[in-house]
Amino acid sequence: MSITRYGVEGGVGTGGQKLPFARAVEAGGWLYVSGQTPMTDGEVVEGGIVAQTRLAFDNCLTIMTEAGYGVEDVVHVTAVLTDARYFSSFNKVFREIFGDHPPARICSVQDLVVDCKVEVDVKCFRADRA
């Protein structure tokens, strides 16, 4: 089994810092996408929970597409919200994105290192790549 790392050159975090981890790692048909926040070019995009959730998932989907995976391949999502009151709005966006392919999920409320409302990561699987 081989391991492929995507984005090992390091992404850009807040303040322009170079991030010391891969954007995603693929092994044995599994793709593990690192936690994504609503950032573009190292800056958090302002907005409410709906806009921030969409951008965080869009960042995941961009990485997944680069690695050859689609939304139908997502088997698990970890979501962190900074406020429990965001839960129903987060679920609305989640439903829009995953539609007929809902993955398993855990959602918790915690402080985040980045000053935003949400962070998500995804785990994908494709048997043809195992």
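A27 stands opposite W30 in β3. The structure is a predicted model, in which local features need pLDDT of at least 70 and side-chain atom pairs count only at pLDDT 80 or more, while totals for chains, interfaces and linings use all residues. Residues are numbered from 1 along each chain as its sequence is written, and side-chain values use heavy atoms, with hydrogens and water left out.

W30 belongs to strand β3 (residues 30–36); strands (E, at least two residues) and helices (H or I, at least four) are DSSP runs numbered from the N terminus. Strand β2 (residues 24–27) runs antiparallel to β3 and is joined to it by four bridges. Two strands pair if DSSP finds at least two bridges between them.

An open sheet of six strands has the order β1-β2-β3-β8-β6-β7, with mixed pairing. Its edge strands, β1 (3–6) and β7 (104–109), each pair on one side only. The twist from one strand to the next averages 10°.

| Helix | Strands | Angle |
|---|---|---|
| α1 (residues 49–67) | touches β1, β2, β3, β6 (74–81) and β8 (118–125) | about 30° with β8 |
| α2 (residues 87–98) | lies across β6, β7 and β8 | about 155° to β6 |

W30 is partly exposed, at 33% relative accessible area; this class lies between buried (under 20%) and exposed (over 50%), with a 1.4 Å probe and protein chains only.

Technical notes
Axes fitted to C-alpha atoms, helices over the stretch in contact; angles between N-to-C directions. Contact = heavy atoms within 4.5 Å.
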